[in-house]
Amino acid sequence: MSADWHRFPPHVLREYSVLADGYRGALCGPRGDIAWMCAPKWHDSAVFSALLGGAGVYAINPVEPCVWGGSYEPRTLIWRNRWITTSTVVECREALTYPGNPDRVVLLRRIEAAARTARVRVELDVRAGFGEHAMRELSQDDSGRWSGRSGDLALRWSGAAEAVPDRYGVLRCELEVPAGEHRDIVLELCRGSPGSPPDPVAAWRTTETAWRDSVPDLAEAAGVPDATHAYAVLRGLTAPGGGMVAAATTSLPERAEEGRNYDYRFSWVRDQCYAGIAAAAAGGAPVLDDATAFLTARVLEDADALRPAYTIDGGPVPDERRLDLPGYPGGQTVVSGNRATRQFQLDSYGEVLQLLAAAEQHERLDADGRRAVRVATDAIGKHWREPEAGVWELDERWWTHSRLACVAGLRGACRAAPSARDSRDMLELADAIMAETARRCLHRRGHWQRSADLSEPDAALLLPLIRGALPADDPRTGDTVDAVRATLARDDYVYRFPQAPDPLGTDEGAFLMCGFVLALAERRQGHRAWALRRFERNRAACGPPGLFSEEYDVRQRQLRGNLPQAFVHALMLECAVGVLQE
């Protein structure tokens, strides 16, 4: 365990904010500690890993005792830490420059003093390789900028000329910022030469403008500030023209000491489809266009061998390996990479077709997208009869959700087919899959069950019904909504599927995505009041930064799992737009 854990012990997840520029992200805690960041990109090794018990942290915090607060500037991922001390108010404005540069990290921090002089401590300890490589070759130029290296990364640090290295090579200082003034501190990391140092004033101005140009005004949504923030989170997790990571982190436990720790710093096909569809519903073209372009390329390249996930560049996800780190409390193991990419997940093709249908509806589908419709259709035709891993990436079975997702995709995307003949073939294939799925997976009580051999309901089954696999007035749709509500919903939160013999909430937390999905399903059934109630309940399951993780421990009111979880923000956004629609 590193010394950083003693100076900056981990916080509960609801207190972390995220900074992101599309290519990488950083988690910032309430003591001004950047406790997690990978560089140069999401899937590279961490340079700050105190979050998981490793070395490396970058902190700015008041010298005096203080209490913490903070908020995002509207329509951005520019975060403001705010501390009220015993004598004054100190703020630190935080951002990764936006839009990001794929090869160069630029982290902006601006210390602002209010009515009185602010005194803050600053320390920088860059440790590439998940804490393995200390800073070396440190030197200071005539202007006070520090330069050095950590692993294969070059670093440059401006604005803290007073800093000196301690006996461990950590740069430390105390700064005074006069009342009404500010101090800009800029950290740069890259593999090559950093080039000319950025002008902080210009970098802040560019970042502010770019964020507000990238995030639409969602004035017609329910919970406008939260809906807008959800879009900003999706934008920050998405590389320009490329992939969207499922989360910024790895190995944050879903349940203490259970070993369910995963690396989500990759672009899951399914998750990015959800984000693109949500953006389409909200009228946000950039996230829709990026998802369409990225996934079109993956389908055309890999055809019927589509992987569940890729790096944001479209490369293969490395297999899972254990890292020698203590882990977040309760986490036990820390991993890099993900073994799920060895799975075949049929539903991914259905989700891609649903995304391409949304792009076509908004007149944003090009010729390559239309070719991808045909390729995805052929892959479904080849594989739909086979067992596969399904939406929750479990053992191979004849999962109902996967077949219904394909039906929804085929029916939705048939208008984007290259020819009328292709369109007819897609509808015929959808009918054949629906008939066989109904024969094998329809419960005797009329609702869809999890698989051909598992009779209980699954909250994921509501998604393809929302997307058009069946009409809202089809009895099987209403019966499935009723079954999920009765079996998997408690106190307006929703669980994935029964965890017999244990009661709901014992083995895993509520899945926040499923809560928003049920709200959308209730709205489609005409239950507007119930939809709004569930939407409001689930959107409150976060901390001051408004970020959602995958699971929510209802009893303890704690976030569980990696942060921020993109598909939860996607369904929250879609729900915010959908619950008010007539």
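Helix α6, which runs over residues 285-302, has 18 residues and reaches 26 Å from its first C-alpha to its last, close to the 26 Å expected at 1.5 Å a residue. The model described here is a predicted one.

## Helix α6 and its partners

The buried residues of α6 are Val287, Leu288, Asp290, Ala291, Thr292, Phe294, Leu295, Thr296, Arg298, Val299 and Asp302. These buried residues pack against several elements, namely the helices α4 (224-236), α5 (269-282), α7 (347-361) and α8 (367-383), together with the strands β17 (267-268) and β18 (309-310). Just after the helix, alanine 303 takes a positive phi of about 50°.

Two packed helices are described by the angle between their axes and the distance between the axes. For α6 and α7 the angle is about 135°, and the axes are 10 Å apart. That angle makes α6 oblique to α7, and α6 passes α7 in a left-handed crossing. On the α6 side the contact is made by Leu288, Ala291, Thr292, Leu295, Thr296 and Val299, which meet Val352, Leu355, Leu356 and Ala359 in α7.

Helix α12 (residues 475-488) and helix α13 (residues 512-524) have axes that come within 11 Å and cross at roughly 140°. The two helices are therefore oblique to each other, and the crossing of α12 and α13 is left-handed. The residues that meet are Thr477, Val481, Val484 and Arg485 in α12, and Leu518, Ala521, Glu522 and Arg524 in α13.

Cysteine 514 lies in helix α13. Is cysteine 514 buried or exposed? Its relative accessibility is 1%, so cysteine 514 counts as buried. Not counting residues up to four places away in sequence, cysteine 514 touches Trp392, Ala459, Val494 and Arg496. The C-alpha atoms of cysteine 514 and glutamate 551 are separated by 9.8 Å, although these residues are 37 residues apart along the chain.

Histidine 447 lies in the loop between α10 (420-441) and α11 (462-466). With a relative accessibility of 10%, histidine 447 counts as buried. Its contacts, not counting residues up to four places away in sequence, are Cys441, Leu442, Ser455, Pro457, Asp479, Thr480 and Ala483.

Helix α15 (residues 566-578) has 13 residues and reaches 18 Å from its first C-alpha to its last, close to the 18 Å expected at 1.5 Å a residue. Helix α15 is mostly covered, with 13 of its 13 residues buried.

For strand β13 (residues 153-158), 6 of the 6 residues are buried, so the strand is largely enclosed by the rest of the structure. Both faces of β13 are covered, with Leu153, Leu155 and Trp157 on one side and Ala154, Arg156 and Ser158 on the other. Strand β15 (residues 171-177) has a covered face, formed by Leu171, Cys173, Leu175 and Val177, and an uncovered one, formed by Arg172, Glu174 and Glu176.

| Strand pair | Sense | Bridges |
|---|---|---|
| β12 (residues 146-150) and β13 | antiparallel | 5 bridges |
| β13 and β16 (residues 182-190) | antiparallel | 5 bridges |
| β10 (residues 118-125) and β15 | antiparallel | 7 bridges |
| β14 (residues 164-165) and β15 | antiparallel | 2 bridges |

Arginine 149 stands opposite alanine 154 in β13, and serine 158 stands opposite valine 186 in β16. For strand β15, arginine 119 stands opposite glutamate 176, while the bridge partner of valine 164 is arginine 172. Both of these β15 residues, glutamate 176 and arginine 172, belong to the uncovered face of the strand.

Two hairpins occur among these strands. Strands β12 and β13 form a hairpin with 2 residues between them, and glycine 151 in the turn has a positive phi of about 60°. Strands β14 and β15 form a hairpin with 5 residues between them, and there the turn holds glycine 169, with a positive phi of about 85°.

Notes:
Residues are numbered from 1 along each chain as its sequence is written. This is a predicted model: local features need pLDDT of at least 70, side-chain atom pairs count only at pLDDT 80 or more; totals for chains, interfaces and linings use all residues. Side-chain values use heavy atoms; hydrogens and water are left out. Buried means under 20% relative accessible area, exposed over 50%, partly exposed in between (1.4 Å probe, protein chains only). Helices (H or I, at least four residues) and strands (E, at least two) are DSSP runs, numbered from the N terminus. Two strands pair if DSSP finds at least two bridges between them. The expected span of a helix is 1.5 Å times one less than its number of residues. Axes are lines fitted to C-alpha atoms, for helices over the stretch in contact, and angles run from 0 to 180 degrees between N-to-C directions. Angles under 35 degrees count as roughly parallel, over 145 as roughly antiparallel, 65 to 115 as roughly perpendicular and the rest as oblique. A crossing is left-handed if the near helix is turned anticlockwise from the far one by less than a right angle, and right-handed if clockwise. Contact means heavy atoms within 4.5 Å.
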